[in-house]
Amino acid sequence: MSSLPPLSSLFSHPDTALVEAIHAEYRRQAEGMELIASENYQSPAVLLAQASAFANKYAEWYPGKRYYGWQEWTDRIESLAIQRACSLFHSDHANVQSLSGAAANTAIYAWLLELGDTILGMDLSHGWHLTHGSPVTLGARMYNFVRYKTRPDGSIDYDALADLARTHRPKMILAWFSSYPRTLDYARFAQIAQDVGAIAFADVSHIGGLIAWWVLDNPLDHGFHVMMTTSHKSLRWPRGAIIASKGIVSNPLKAPPKTIDHIPTLIDRSVFPWTQWWPHMNTIAALAIALWEAQQPSFAMYARQVVDNARVMADEFLSLWYTLVTGGTDNHMVVLDLRPQALSGWDAQKKLDEVGISTSKSPVPDDDAPAFNPSGLRIGIQAMTTRWVRQDDVRWIVQMIDRALRAEAKDLGWLREEVREWCAQFPLP
């Protein structure tokens, strides 16, 4: 049994129902194994900043241009966050006000495109995110999404991508995804975009932390115009998003005034006032702290360990005869195709929940299963790496997942106890 702080030290309030829920969630996180590829653990300093007095402050507009008075400290923390984001992501400009990745993507589309413009992006079942044009989203009603797919081995056919671009003449080509374990040829993406006069946009929400210390390539270093990352996955930051852009003198769009040179201004105007209003200054304060943490050498060690752990995880699953989408991984996640096991992603997710292992169901390429019960399971190692698991620990994790998926219902209770005892070795930050 892991050691937990007393309830009063977590949260003291007469609303006992709420306090109980907070304590229960802390216990769940401490005693369980977090393998959801979009989750991570924030540092105590980042958590405390979100509960700071900045939560009380309105700060409409941007540093030096606020509408309300007495903005000395809000300007300081937002300027720090912007400077640190530009340094970390090799960008000329950064907007740190977006409340989420979905809000950031909406802002990017809204001012860089016109209604009805074509966006070329990956097919949803091949790894795309819902905000990249899913029919259930507002964006799908506003823009024309054309989709490319992966080959059977999980790679991208760039010649076919170029043919699609020439045929459909998109105004934007969108790279990166939500459930794709490989890396990309950013220079080829950027060249294809330039050839058809399109904006090259990378949504690197899942791998932002791995880009920050050059463990993985940065799209902005290879000709991309705009990059967005959420701040709470591999980055271990508060929930929000950063939009980064790089000034490029050439203008492949050939449609003033929306030139590449204007992208920073257009994005700022799109975030405020076009798509959202008040920034959450307590979150921006936490983001500034997290950006400082990400500039430290210990974060570089962490980012490298994430990729090392993920490769071991992929190899271990392959040794147990599991089928992996794309056959392996280059980043922090693997995606299991569970059809050979006659399991659905939902069934596997629920079974692992019962033993204290958090994962998320996921579609596999050209999946014909229902959206809420797809054929795959997505597993990320970045959160458990924050708790400093190493390669041998990852092998144990994979073995435990395999045991749980094969276990009968009557055996899940003692497997949960085994997970709880093992997790006690790796306390939360």
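Q: What needs to be known about the numbering and the model before reading any feature?
A: Residues are numbered from 1 along each chain as its sequence is written, and side-chain values use heavy atoms, with hydrogens and water left out. The model is predicted, and for that reason local features need pLDDT of at least 70 and side-chain atom pairs count only at pLDDT 80 or more, whereas totals for chains, interfaces and linings use all residues.

Q: How is the packing of helix α7 and helix α8 to be read, and at roughly what angle do their axes cross?
A: Helices (H or I, at least four residues) and strands (E, at least two) are DSSP runs numbered from the N terminus, and axes are lines fitted to C-alpha atoms, for helices over the stretch in contact, with angles from 0 to 180 degrees between N-to-C directions. Here the axes of α7 (residues 158-168) and α8 (residues 186-195) come within 10 Å and cross at roughly 20°. Angles under 35 degrees count as roughly parallel, over 145 as roughly antiparallel, 65 to 115 as roughly perpendicular and the rest as oblique, and α7 is therefore roughly parallel to α8. The contact (heavy atoms within 4.5 Å) is made by Y158, D159, L161, A162 and A165 of α7 with R188, F189 and I192 of α8.

Q: Which relation, parallel or oblique, holds for α4 and α11?
A: The axes of α4 (residues 72-89) and α11 (residues 281-294) come within 9 Å and cross at roughly 40°, and the two helices are therefore oblique to each other. Residues of this contact include I77, A81 and L88 of α4, and I284, A288 and W292 of α11.

Q: In what order do the seven strands of the open sheet stand, and which are at the edges?
A: Two strands pair if DSSP finds at least two bridges between them. The order is β2-β8-β7-β6-β5-β3-β4, with mixed pairing, and β2 (93-95) and β4 (144-148) each have a single partner strand, so one side of each is left without a neighbour in the sheet. From one strand to the next the twist averages 20°. Within this sheet, β7 (residues 226-230) and β8 (residues 241-245) run antiparallel and are joined by five bridges, with A244 of β8 as the bridge partner of M227. Helix α10 (residues 263-275) lies across β2, β7 and β8, at about 5° to β2.

Q: What is the strand order of the open sheet of four strands, and which helix packs on it?
A: The order is β9-β10-β13-β12 with antiparallel pairing, and the edge strands β9 and β12 (360-362) each pair on one side only. Helix α12 packs on this sheet, touching β9, β10 and β13 (376-380), and its direction makes about 20° with that of β10.

Q: How is an aromatic pair described, and what geometry do W61 and F272 have?
A: A pair of aromatic rings is described by the distance of the centres and the angle of the planes. Rings of Phe, Tyr and Trp (its six-membered ring) pair if their centres lie within 6.5 Å, planes under 30 degrees apart counting as stacked, over 60 as edge-to-face and the rest as tilted. A search of the whole structure finds 20 aromatic pairs, among them W61 and F272, which are edge-to-face at 4.8 Å centre to centre with 90° between the planes. This pair links distant parts of the chain, 211 residues apart: W61 is in the loop between α3 (44-50) and α4, and F272 is in helix α10.

Q: Where is the peptide bond cis, and which residue has a positive phi although it is not a glycine?
A: Most residues other than glycine have a negative phi, and most peptide bonds are trans. The bond from F272 to P273 is cis, with omega near 10°, and P273 lies in helix α10. W321 has a positive phi of about 70° and is found in the loop between α12 (297-319) and β9 (323-324).
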